[in-house]
Amino acid sequence: MNYSTSVGRENALPLYGTEEYGKRSVKAMYEALKKLELAPKIKLLKINAPEIARKAKAGQFVILRIDKKGERIPLTIVERDPREGTITLIFQEVGLSTMKLGALEIGDEIMNVAGPLGNPTEIKHYGLVAVVCGGTGTAVSYPIAKALKEASNQVVSIIGARTKELLILEDKMRNISDELYISTDDGSKGHKGFVSDVLKMLIEKGYRFDVVYAIGPTLMMKATANVTRPYSIKTIVSLNPIMVDGMGMCGACRVTVGGETKFACLDGPEFDGHLVDFDELIKRLRVYIPEEKQAVELHEKSGGIKRD
Amino acid sequence: MTKADKQRKRQSIPMPKQKPENRINNFNEVALGYTTEQALAEAKRCIQCPKPQCIQGCPVGLDIPAFIKEIREKNFDEAIRKVKEKNSLPAICGRVCPQETQCQKFCVMGKKGDPLSIGRLERFVADYDLQKGVTVQPRSKSSVDGKVAVVGSGPAGLTAAADLAKLGHKVVIFEALHAPGGVLMYGIPEFRLPKKIVQAEVDYIKKLGVDIKTDYMIGKLYTIDELFELGFDAVFIGTGAGLPRFMRIPGENLGGIYSANEFLIRVNLMKAYTFPEYDTPIKIGKRVAVIGGGNVAMDSARSALRLGAEEVWIVYRRSKKEMPARLEEIENAEEEGIKFKFLTTPVKFLGDKSGWITGMECIAMQLGEPDESGRRRPIPIEGSEFVIEVDAVVIAIGQTPNPVIQRTTKGLQTTRWGTIVVNEKTGKTSRKRVYAGGDVVSGAATVISAMGAGKKAARSIHRSLLRKKRMQQRKES
């Protein structure tokens with residue numbers, strides 16, 4: 001499993017499902033092969049998706065549609081295994097679609113998975129890199145941190161969550177980081193406070209970061225960008241706006257970056273954190289909250305949330 | 001023939017439609033289609049010119065008098081066979097082609113009255129065929145037997161695929177979205193083009209032996225070069241014009257401002273009009289403004305009305321005369337109570353604290369000299385600014401091609417508008433064995449012109465594969 005190297009000749013494999021592909025795989029397309037609960041409401045799904053597994057690079061995402069009535073939602077590809085033909089997704093159950101996804105059992109199929117989408121992270125040797133992440137942002141950060149480590153960067157990771165139980169991928173992150181720091185809002189583990197506070201402390205201690213990756217809730221990314229701004233440290237954020245097609249068609253994911261409108265799906269999802277209009281993004285993310293609630297309530301009343 | 005008969009012959013049989021007061025409450029098709037009697041009466045109006053003019057107006061060169069003649073003689077099976085010789089998507093073309101500027105424009109009947117309603121008759125036989133259950137001619141045996149990748153399953157891609165399959169090639173269509181049909185599926189609303197019609201036409205293409213792979217975004221999952229590595233002999237790019245244009249004015253990223261693409265994708269493809277039965281929501285409020293004057297603007301405005309908006313405006317910077325929308329669609333919109341604000345353009349969007357749109361500052365325009373498009377250029381009238389209160393805005397001012405394939409294909413020549421450069425006669429791009437057609441070449445245009453381009457490219461792909469095969473055979477012998 002390696003994001004940073006070219007996939008090369010393995011592209012020349014025949015198309016999935018064709019005669020030529022033969023009996024390489026008897027698994028159904030987009031079948032859930034593994035499921036874990038990493039923390040309350042945070043779940044991991046490993047899915048059969050051989051062609052995406054061959055092509056995905058760190059920083060890219062898929063758009064999936066769980067059933068014929070489902071929304072199209074973007075999720076970052078956390079891990080891929082080209083030999084096994086699988087991709088791994090991690091998500092928090094917040095709305096109807098992620099709840100439906102969380103209700104999948106091993107052997108169930110997701111109706112549609114399109115990807116890899118978005119631009120891969122620019123992986124190169126920067127020197128000293130901070131990977132600052134919060135909540136499920138840690139899942140998005142993991143492949144990036146791993147690829148950065150493989151590109152001989154010194155990686156300092158700071159992972160955070162509201163409370164100890166919600167911390168995810170601690171061991172995995174530790175394995176690929178030179179140093180790992182933890183923070184929780186309530187102080188139940190590690191530093192009490194925000195990941196951006198830890199970053200600030202490290203900078204003040206004399207860590208000279210060449211680049212900072214900040215990935216997580218929008219407010220957290222905003223706070224982190226505000227920490228690095230006075231020091232002029234290049235800060236890259238991975239944005240998570242609402243998307244419909246994820247391919248450049250709808251413009252729902254438009255964000256203002258440096259005064260210009262950009263599409264997170266086509267131009268991102270990574271942008272210069274010092275140029276992003278986070279306040280606008282936060283407002284745009286809140287647009288459908290009442291409808292989300294309505295949909296969840298309706299489904300709960302009518303016999304529980306599950307895939308149609 | 002009596003005078004009254006003559007008079008009657010000058011008038012076409014009107015299309016039966018759902019009443020405006022009913023149809024604004026549903027997403028069902030507005031135009032109901034001719035009955036057999038109506039179709040026969042309309043077909044009788046055709047004078048079967050010895051030198052028919054109508055054919056030159058058809059981008060796919062349909063033999064119009066021939067299929068009309070079969071209708072007149074009640075040979076509907078033969079009529080649809082004639083149509084399908086040239087047009088693989090007749091139920092769609094019969095509904096959405098701008099016949100008034102194509103075949104019907106050339107109809108001699110139009111000189112002294114209404115032209116023959118060619119589109120309505122095409123729809124009639126196509127629907128007859130669908131109802132009866134489409135029959136497919138067995139695939140012709142071809143000595144060429146090439147493998148062709150078609151990128152995009154809109155009108156251009158479906159037509160190219162159908163023609164190539166009929167010529168005996170193995171065709172795989174790659175569609176990025178989860179459903180095939182392209183703009184026919186995500187763009188044109190149910191009430192103008194029912195999705196079951198699109199599905200039926202797509203099924204017909206599949207019956208011809210075409211393999212359709214959805215969720216494959218070419219340029220991301222596979223590049224064009226990788227398609228050749230996968231064993232395809234030629235590639236046709238028919239990816240359309242899917243990138244929305246915005247106004248680039250202050251406040252444009254407020255909540256409640258949609259590109260027409262987002263609005264129509266939510267409504268058509270994701271069926272947001274059934275929310276919460278389907279999971280995708282759409283939020284429009286009571287007062288909706290649609291910016292633009294094309295068919296997409298009409299579709300958006302009429303969709304907004306059906307979603308429950310109380311007042312819907314179309315805000316267009318030129319006058320009614322310059323509107324690019326089909327006359328029939330403008331009339332439908334007027335009948336349904338859509339209001340038009342001509343010679344007006346927004347300059348700024350206003351929002352509340354939560355970031356939702358509340359209003360739109362507009363400026364009045366006057367028409368100056370004609371611009372490069374031949375239409376009179378709108379000029380703002382200084383000091384004429386005024387505010388319209390709105391709950392939602394749909395921006396329908398045009399689309400440009402999606403840039404992903406252009407960015408990932410080395411040596412593919414493009415214009416500064418992002419369209420792909422092709423040889424007009426053959427559809428050949430600057431890359432060997434790569435062809436393109438439809439909106440990705442022309443910029444946003446019509447379904448039928450995209451189909452014409454798909455047809456043309458299919459012919460030249462076939463010729464090129466034939467040449468290649470012959471050269472191989474020569475080498476072997």
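Visitor: I clicked on B:L343. Is it buried, partly exposed or exposed?

Guide: Partly exposed, because its relative accessibility is 27%. Anything under 20% would be called buried and anything over 50% exposed. Keep in mind that this is a predicted model.

Visitor: Where does B:L343 lie in chain B?

Guide: You'll find B:L343 in the loop between β9 (339-341) and β10 (344-351) of chain B.

Visitor: And what is the phi of B:L343?

Guide: Start with the general idea. Most residues other than glycine have a negative phi. B:L343 isn't a glycine, yet its phi is positive, at about 50 degrees. Chain A gives you another case: A:S152, also not a glycine, has a phi near 60 degrees. A:S152 sits in the loop between α3 (137-150) and β9 (154-161) of chain A. With 53% relative accessibility, A:S152 counts as exposed.

Visitor: What about peptide bonds? Which residues are joined by a cis one?

Guide: In general, most peptide bonds are trans. Here, a cis bond joins A:G115 and A:P116, with omega at about -5 degrees. A:P116 belongs to strand β7 (residues 112-117) of chain A. The bond from A:G268 to A:P269 is cis too, and its omega is near 10 degrees. A:P269 is in the loop between α7 (264-267) and β16 (270-272) of chain A.

Visitor: Are B:E42 and B:R45 buried or exposed?

Guide: Both are buried. They form a salt bridge as well, with their closest N and O atoms 2.7 Å apart.

Visitor: Which parts of chain B does the pair B:K132 and B:D77 tie together?

Guide: First the bridge itself: the closest N and O atoms of B:K132 and B:D77 are 2.4 Å apart. B:K132 lies in helix α8 (residues 118-132) and B:D77 in helix α5 (residues 76-86), so the pair ties together parts of chain B that are 55 residues apart in sequence. B:K132 is partly exposed, with a relative accessible area of 45%. B:D77 is partly exposed too, at 39%.

Visitor: Which residues are linked in a network of salt bridges?

Guide: Go to chain B again. The network links B:K17, B:R23, B:R192, B:D299, B:R302, B:R306, B:E329, B:E335 and B:E336.

Visitor: Now the surface. Which residues form a positive patch?

Guide: That patch is made by B:K86, B:K428, B:K432, B:R459, B:R463 and B:R467. Its largest share, three residues, comes from helix α18 (residues 447-476) of chain B. B:R463 is in that helix, α18. B:R463 counts as partly exposed because its relative accessibility is 42%.

Visitor: How do I read a buried residue? What does A:T76 touch?

Guide: A:T76 lies in strand β4 (residues 72-76) of chain A. Its relative accessible area is 17%, so A:T76 is buried. Setting aside residues up to four places away in sequence, A:T76 touches A:Q60, A:F61, A:T88, A:L89 and A:V140.

Terms used: Residues numbered from 1 in each chain as written. Chains lettered and ligands numbered in written order. Predicted model: local features only at pLDDT ≥ 70, side-chain atom pairs only at ≥ 80, totals over all residues. Heavy atoms only, no water. Patch = residues over 30% accessible without salt bridge, like charges linked within 9 Å, V, L, I, M, F, W, Y side chains within 5 Å. Areas by Shrake-Rupley, 256 points an atom, 1.4 Å probe, with all protein chains shown as cover. Salt bridge = Lys/Arg side-chain N within 4 Å of Asp/Glu carboxyl O. Lys, Arg positive; Asp, Glu negative; His and termini not counted. Charge placed at Lys NZ, Arg CZ, Asp CG, Glu CD. Helix = DSSP H or I, 4+ residues; strand = E, 2+ residues; numbered from the N terminus. Buried < 20%, exposed > 50% of the residue type's maximum accessible area, 1.4 Å probe, protein only. Contact = heavy atoms within 4.5 Å.
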